[in-house]
Amino acid sequence: ERAAEEAAGRDYMRHLDELMSKARNKKAIADWDYASNITKFNEDRMLAVALEVAEDEKEYWKETMSYLWHEYEDRDLKRMFEKYSKLGTSALPEDLNERLISAISNMQSTYAKATICDFKDKTKCDLHVEPEVTEIFANSNDPEELKYTWLEWHRVAGAASKGNFTEYVTMDNEAAKLNGYDSVAEWWLSEYESDDSEDQFASLWAQVKPLYQQIHAYVRRHLRLKYGEKVVPAKGPIPAHLLGNIWAQTWNNVEKFTRPYPDKPDVDVTTALQAQNYTALKFFKTAEDFFTSLNLSPMPELFWERSIIEKPNDGRDMVCHASAWDFFDGDDFRIKQCTTITDAFFKTTHHEMGHIQYYLQYKDQPVIYRAGANPGFHEAVGDVIALSVATPKHLRVMGLLEDGPDDIESNINQLYKMGLEKIVFLPFAYLLDLFRYGVFRGTTTTEDYNCHYWQLREALQGVEPPAPRTEDDFDPAAKYHISADVEYMRYYISYIIQFQFHRSLCQLAGEYDSGDQTKLLSNCDIYKSAAAGEALGKMLQMGSSRPWSDAMEVLTGQRSMDASGVLEYFAPLHDWLKAENERTGEFVGWEPSTVPYC
Ligand SMILES: C=C(C[SeH])C(=O)N1CCC[C@H]1C(=O)O
Ligand SMILES: [Zn+2]
């Protein structure tokens, strides 16, 4: 009897998979059309399709819940039913779902359309965050220009969305409760499939915090030398506008004037890319070549036809923030990004193509399993490839870096450059969702949004705002993912596990052996390694069909996330920074900020 019931359940799952493939395809097309051309017409169509699909999903859900899947023996069949039992935002009554979708699309539109005036030419007022504001933070050395630009961007893209954000929190929490979660925080955490995920995240931070504090202290000293004691306090947090990035999330743009050994040859990839006339298309073809060198999949024809790889110049409003899209029909996969010819975008292109590669590897899974093993896995794929590309060894193979010394000092310079991207990012990524967990749980109310945000920014990241802040400001929404309802713990996890993946892939490629000092993890390049490619492909093909520990084990032999990969990779830098901060007597850590923000 039960066997017959399970057989009926299996048939139903096959049928539902077909229906869900069509529903998700229809929704993805409407979402793409809106994000790539923000008009009232496209917004209305996106909303109408979302509500129509939500109604269909409600019907499917009723049918799904009529099966006795809790008693099923077949673990895989049970896993599929369990995942389909979570209706998501479609569980909301139509009017509340409409309010939720509108609140998010209003924030997305505000962020995409936000412009500021130029500091030097106040008549030029069409500066967007990409590329103009990003470019100012990459190249300006004028604290006043940086402060002005920082304040303006946070006014037009942050404060402007406070109302919509509050509406979004209320509606999204309602949806969470209808799915059996106390708040959106628990819903987001459920994606990591452990009952102690928050403790795991906290323990990872405890492991990497000492390394972060060392690089923070070193950078603060060099910024103080450059801008003076009045601008950069000796023992205080670092003012957020001086770190080369509008969100202070990665600091690679201060590398050129803070390098440990300035007289060693520079590794300025941006200059080389521009000098060699790289184009956005060449970025994509180069990234594709790395994946095919591992015997992984090339980009399909439709990808090249339908992706948007440069900012359109037809005056349309578009969500420029880089994204990779699965249209759930097994053929249509696209990237949308506003490429500029910089080292940062060269890496972003690999990052986005990592998402596409994951989509391609699991495209034959049932739709319900076409996701990362956990959200961090999806963010790690492209970055793992970029870790190989970023090595001097690989850059020389590409002709982007002339031959130079492979001595200790050059290696410290290289590790420092990588640390400004990978170590520095960890507290930022961690705190962004610590902030939102507090908001969803109600421990942070609308009266203390900005205060709690900056308390976390000071406590974990050791940065402070360039000027006093009040609750009329709403600085979190000045970051795309807060305005676009994109969970962010995935990036924190990615920046930890990508080093576990990199270490295993490097061992498979014969590029790394922990006992062999001549094979540094930070100089490993897995390019053309069939063994590495095969192992990576096997993990990616699993999608979310098994708990992420099983996927992690397939590639690394480990079943848990740990910081041993990142600590091993940066060990020489950690030692060097400790010695250097002792030599200069730099205070490690930071005293409370004197800038009022609560
Ligand atoms: C490139 C993407 C799209 Se998934 C992105 O949002 N990233 C990649 C690095 C961290 C995070 C960010 O830009 O904040
Ligand atoms: Zn990503």
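Predicted model: local features only at pLDDT ≥ 70, side-chain atom pairs only at ≥ 80, totals over all residues.
Close-up 1. Helix α9 (residues 197-227) packs against α20 at an angle of about 50°, and the two axes lie 11 Å apart. The angle makes α9 oblique to α20. The crossing in which α9 passes α20 is left-handed. On the α9 side the meeting residues are Phe201, Leu204, Trp205 and Val208, and on the α20 side they are Met489, Tyr492, Ile493 and Ile496. By class, this contact of α9 with α20 consists of 8 nonpolar residues, with no polar and no charged ones.

**Close-up 2. Helix α20 where its axis crosses that of helix α23.** The view shows α20 (residues 489-508) together with α23 (residues 564-584), whose axes come within 7 Å and cross at roughly 70°. Angles of 65 to 115 degrees count as roughly perpendicular, and α20 and α23 are therefore roughly perpendicular to each other. From α20, the contact is made by Phe499, Gln500, His502 and Arg503. From α23, Ser564, Gly565, Val566, Glu568, Tyr569 and Phe570 take part. The contact of α20 with α23 divides by class into 4 nonpolar, 4 polar and 2 charged residues.

**Close-up 3. The largest cavity and the residues around it.** The count of cavities of 30 Å³ or more comes to 1. The volume of the largest cavity is about 80 Å³. Its lining is made up of Val269, Asp343, Phe346, Lys347, His350, Ala386, Val389, Ala390, Leu395 and Lys417. Helices α13 (343-361) and α14 (375-389) each supply at least two residues of this lining. The most comes from α13, which gives 4 residues. Sorted by class, the lining of the largest cavity has 6 nonpolar, 1 polar and 3 charged residues.

**Close-up 4. The second largest pocket and its lining.** The second largest pocket holds about 470 Å³ of space. It is lined by 28 residues, and those closest to its centre are Asp406, Asp407, Ser410, Asn411 and Asn523. The elements that give two or more residues to the lining are α15 (392-397) and α16 (408-422). Helix α16 has the largest share of the lining of this pocket, 6 residues. By class, the lining of the second largest pocket comprises 9 nonpolar, 9 polar and 10 charged residues.

Notes. Residues numbered from 1 in each chain as written. Chains lettered and ligands numbered in written order. Heavy atoms only, no water. Axes fitted to C-alpha atoms, helices over the stretch in contact; angles between N-to-C directions. Parallel < 35°, antiparallel > 145°, perpendicular 65-115°, else oblique. Contact = heavy atoms within 4.5 Å. Nonpolar A, V, L, I, M, F, W, Y, C, P; charged D, E, K, R; others polar. 1 Å grid on protein atoms, 1.4 Å probe; cavity = no way out; pocket = protein on both sides within 12 Å on 5 of 7 lines; lining within 4 Å. Points joined across faces, edges and corners; volume = space filled by probe spheres on them. Left-handed = near helix turned anticlockwise from the far one by under 90°.
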